[in-house]
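Here are some notes to read with the model open in your viewer.

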Amino acid sequence: MSEASSQLLRTVLTTIRRGVELGGFPEQLYTLLSKPERVVSVTIPVRMDDGRIEVFEGFRVQHCSALGPYKGGIRFHPHVTLEDDIALAALMTIKNSLAGLPYGGGKGAVRVDPRRLSRRELEELSRGYVRALHWVLGEMLDIPGPDAGTDPQVMAWMVDEYSKIRGRFAPAAFTGKPVELGGDPVRVYATGFGCAIVTKLAAEEFLGSSKGLTIAIQGFGNVGSWHAYWASKMGFKVVAVSDIGGTVYDPSGIDVERAMRVVRETGTIYNYPGGERSRDTRGALYADADIVAPDALENQLTAENARLVRARLVVEGANGPTTPEAERILAERGVVVVPDVLANAGGVVASYLEWVQNVQCWSWGEEESRSRLAKMMESNFRRTLGVWGRLRERAAEATLRDAAVVAALQRLHDAMRWRGWL
Ligand code: NAD
């Protein structure tokens with residue numbers, strides 16, 4: 001078990017245990033959620049362009065089905081571990097429940113650096129993943145979507161392979177597809193858009209207003225770039241961005257669309273012309289800004305660096321970017337952390353909207369999806385705030401994350417009771 005993956009699993013299990021205790025739920029709820037219902041580990045042989053056969057390791061973790069079919073992305077990344085995947089699947093159980101979706105939590109992964117593969121090799125690997133796992137997937141069983149390292153093209157190959165195996169067109173078995181295959185046009189920017197909506201609501205609630213505030217973002221991939229884009233449309237000033245290549249800081253404001261072009265063309269924000277730059281990949285986390293958004297990857301705010309954060313509000317676009325120790329330090333300093341399960345749920349909410357249209361053979365258009373997504377994000381945020389208020393009457397130290405988890409656990413607990421599991 002690598003240090004990072006064990007840390008992520010520890011973070012998620014600690015969070016759930018705290019939620020069970022604070023919410024006064026029976027211990028058996030923790031017992032049921034502390035282990036995934038099913039873990040499938042496969043090998044996927046791919047004939048590479050040079051004629052060699054390479055064997056890739058893949059997983060699908062199905063964490064909890066109390067509320068419906070498993071739902072969660074597939075990640076292609078060179079450092080994925082089974083423990084990471086279990087942690088991320090458990091997070092999906094909490095996120096889907098909190099968002100009021102009729103889904104349980106799942107997550108998949110392949111240990112691969114997709115940038116190393118040719119297009120043909122990537123297609124072979126995507127199809128191979130489905131050939132190995134189709135028997136545990138399906139629109140009422142387990143519905144994968146994209147995650148880091150996978151995109152609409154990968155989902156399109158997967159739907160095609162799955163449809164061939166089943167002998168019928170099965171678009172609802174995967175989300176995040178291209179629009180022509182039943183994808184929803186909002187899905188590509190939905191996570192970042194949802195993060196921006198939550199940033200605005202949280203700024204109004206905790207900082208008094210969202211007018212003219214500054215935001216610093218770590219990660220400028222799918223989540224971070226669209227978070228920056230929509231936040232700037234909503235009136236925030238993006239003053240710092242970090243990614244794998246370094247940090248750019250410009251107190252007069254970064255032009256987000258230009259930054260997106262630079263990253264598309266050169267691979268990193270480091271090449272953005274303007275502002276001050278450094279090779280520090282965490283610079284944005286410590287920037288002089290009202291809000292900081294860790295939108296890159298897990299375990300970025302830790303006991304070692306949490307005191308360096310100058311922002312008054314942290315909005316987690318990535319999954320698991322703040323360790324429990326870091327969160328304690330931030331809370332002591334009065335910094336509110338809007339947790340991943342609340343802040344970055346826009347992606348899975350948009351996936352749900354896509355699935356609903358697919359199972360009804362309907363397509364209602366981008367405007368309608370965007371407005372439904374915004375409404376669902378807002379109502380999740382307000383519901384969680386309400387739970388937080390009530391929770392703090394009993395436990396003053398409860399955080400917004402605790403409230404989100406307690407709200408999610410309540411729905412899981414009730415569903416399990418009705419189903420006779422508890
Ligand atoms: P991505 O691969 O598109 O982008 C990742 C970004 O992080 C890139 O800008 C990369 O340069 C940067 N990065 C990578 N390693 C870094 C490091 N060590 N230091 C600083 N920056 C680094 O991934 P994404 O889809 O944007 O996902 C980011 C996070 O958000 C992940 O935790 C993912 O699980 C989570 N998430 C994604 C979605 C989604 O819809 N894509 C939904 C919910 C949560």
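**Notes on the model**

1. Start with C361, which sits in the loop between α11 (346-359) and α12. Helices here are DSSP runs of H or I with at least four residues, strands are DSSP runs of E with at least two, and both are numbered from the N terminus. C361 has a positive phi of about 50 degrees although it is not a glycine. Most residues other than glycine have a negative phi. C361 counts as exposed because its relative accessibility is 74%. The cut-offs are under 20% relative accessible area for buried, over 50% for exposed and partly exposed in between, with a 1.4 Å probe and protein chains only.

2. A word on where this comes from: it is a predicted model, so local features need pLDDT of at least 70 and side-chain atom pairs count only at pLDDT 80 or more, while totals for chains, interfaces and linings use all residues. Residues are numbered from 1 along each chain as its sequence is written, and side-chain values use heavy atoms, with hydrogens and water left out.

3. N299 is another non-glycine residue with a positive phi, near 55 degrees. Look for N299 in the loop between β10 (291-294) and β11 (313-315). Is N299 buried or exposed? N299 is buried, because its relative accessible area is 12%.

4. As for α9 itself (residues 324-332), its buried residues are P324, A326, E327, I329 and L330.

5. On to the strands. β1 (residues 38-47) and β2 (residues 53-64) pair in the antiparallel sense over 10 bridges; pairing takes at least two DSSP bridges between the strands.

6. β3 (residues 70-77) and β5 run parallel, joined by 5 bridges. There, K71 has I143 in β5 as its bridge partner. β5 (residues 142-146) is largely enclosed by the rest of the structure, because 5 of its 5 residues are buried.

7. R370 is in helix α12 (residues 366-394). R370 counts as partly exposed because its relative accessibility is 22%. R370 is 174 residues from A196 in sequence, and the C-alpha to C-alpha distance between them is 13 Å.

8. Now the ligand. Which of the 21 residues around the ligand come nearest? They are R75, T191, F220, V223 and N319; "near" means a heavy atom within 4 Å. The shell divides into 7 nonpolar, 9 polar and 5 charged residues. α6 (187-206) and α7 (222-233) each supply at least two shell residues.

9. Check the polar contacts too (pairs of N or O atoms within 3.5 Å). Ligand oxygen atoms lie 2.7 Å from a side-chain N or O atom of T191, 3.4 Å from one of R187, and 3.0 Å from a backbone N or O atom of N222. The protein covers 80% of the 830 Å² of accessible area that the ligand has on its own, by the Shrake-Rupley method with a 1.4 Å probe.

Definitions and conventions:
A polar contact is a pair of N or O atoms within 3.5 Å; within protein, one must be able to donate a hydrogen and the other to accept it, and residues adjacent in sequence count only if both atoms are side-chain atoms. Ala, Val, Leu, Ile, Met, Phe, Trp, Tyr, Cys and Pro count as nonpolar, Asp, Glu, Lys and Arg as charged, and the others, Gly among them, as polar.
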